[in-house]
Amino acid sequence: MSDLFAKFDPVIEIREQLLATGRTDPFNLVMEKVESPTVAICNGKRTILLGTYNYMGMTFDPDVIAAGKKALDEFGSGTTGSRVLNGTYVGHRACEEALKDFYAMDHAMVFSTGYQANLGIISTLAGKDDYIVLDIDSHASIYDGCALGNAQIVPFRHNDIDALEKRLKRIPEGAGKLVVLEGVYSMLGDIAPLKEMVAVSKANGAMVLVDEAHSMGFIGEHGRGVAEAQGIIDDVDFIIGTFSKSVGTVGGFCVSNHPKFEILRLVCRPYVFTASLPPSVVATAATSIRKLANSADKRAHLWENSKRLHAGLRQLGFTLGTDEPQSAIIAVIMPDLETGAAMWEALLNEGLYVNLARPPATPANMTLLRCSLCALHSADQVGEILAMFAAAGRATGCID
Amino acid sequence: MSDRQQTYAKTLAMIAPFNKKGVAITEATRFAQDLEWDSLTVLDFVATVEDEFDVLISMNLQAEIETVGQLVDALERLKA
């Protein structure tokens, strides 16, 4: 019998090498208690959370919690059904209404996760003989959506407008075209030149899908994302988003103005063949989304946090993923996985949690310490974070 | 030179700057195993080839191309 696990041997080997150094396993952390959106207890120690994508700190919002508890009491713990059968409750509709209002768009479709939203929309929209043109640094859920469908997949160099245009022009006449972009790319925290890219896509007859998972609630005047901030949201055909970042729960969605959008509910398999979100989850999501629409002050404070952390880390001598802070993600570039793991552990010992990101999830095989800020990080906490980076950086030799 | 020979010669010239290990190239040379290219190198090389021949090599097609000879054959089909 051949062992089907043999193909994982290289991954097992890298992992064993890393753990043999005596390091804490960076992919096996347990949050023992969560005190707030910014503080948890890990290994019995108070830990500042700087790697949770909880950008707007909605997870402990009293209105959000109350809405979830009420729905749990009134509608039970789960729907046990598909959206198209017994799994659409008034709460699911209310959540879609909240999204339509938030984005000022005609249609909204809620999926059980953000991953499934990309999987479902991309694989369903682009069929055989259609073309999907996507940024090479796209999220795994976008690639998996491509793999689930039958379209021709054409990647282009990250954020390269000319490369996108060249590929669009080479697509055979008459073929359907879907361009897939992200507002914020989550590894380095850089944003896309959506204004130019959407213009080029439209000029070449393509429909455009933008994943705004990491910008919702924060970027743009109303928190609608990078497409709003760059003034071209009306030219975007589909926006994909998630409830598991700024919204503070779990779930995914697609909003659109396409007149035939609603038919997707019947033809999109990752929407149809899975159970809908629990009533408490859609209730928390809807409440959170409505509050996010009016959170300009929190958005301003989050920008302050992002700017201060970026400037502070640079001053300490760290290499960062972007020259200027472009989002609530600040990526610290590590020279290699071993140093990255050492630095990650040193930070945890100081009382700070960040994400360790390594190949193949990262571009150009980089090892990153990915920091995502929260609007509820206080000015004092940002100061503490910088002090911990300084101490850990010196202890591991990352900085002088 | 036949069309195919010309395409092969052009392909060899385009591989050269990416052939950091100086592997001797034949039609049977495999991109992943022999040249040990990572995904970013593949992207850059494919872009170079696409621009040279003004064609589109989708990821679906790339998945079927393992060797230099197979790339030349694919280019001959795409140009036709």
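**Where the chains touch.** Ten residues of chain B are in contact with twelve residues of chain A; contact means that the C-beta atoms, placed from the backbone, lie within 7 Å. On the side of chain B that touches chain A, α2 (39-53) and α3 (59-62) are the elements that give two or more residues. The most come from α2(B), with three residues. I sorted that side by class and found six nonpolar, two polar and two charged residues. Here Ala, Val, Leu, Ile, Met, Phe, Trp, Tyr, Cys and Pro count as nonpolar, Asp, Glu, Lys and Arg as charged, and the others, Gly among them, as polar.

**Ground rules.** I number residues from 1 along each chain as its sequence is written, and chains are lettered from A and ligands numbered from 1 in the order in which they are written. The model is predicted, so local features need pLDDT of at least 70 and side-chain atom pairs count only at pLDDT 80 or more, while totals for chains, interfaces and linings use all residues.

**Build of chain B.** I found four helices and zero strands in chain B. Helices (H or I, at least four residues) and strands (E, at least two) are DSSP runs, numbered from the N terminus. The order from the N terminus on is α-α-α-α.

**Size and packing.** I noted a C-alpha trace for chain B of about 30 × 25 × 20 Å along its principal axes. Of its 80 residues, 19% count as buried (20 or more other C-beta atoms within 10 Å of the residue's own, placed from the backbone). I then checked contacts in chain B between residues at least 6 apart in sequence: 53% join residues at least 24 apart.

Methods: Contact = placed C-beta atoms within 7 Å. Buried ≥ 20, exposed ≤ 12 C-beta atoms within 10 Å, placed from the backbone.
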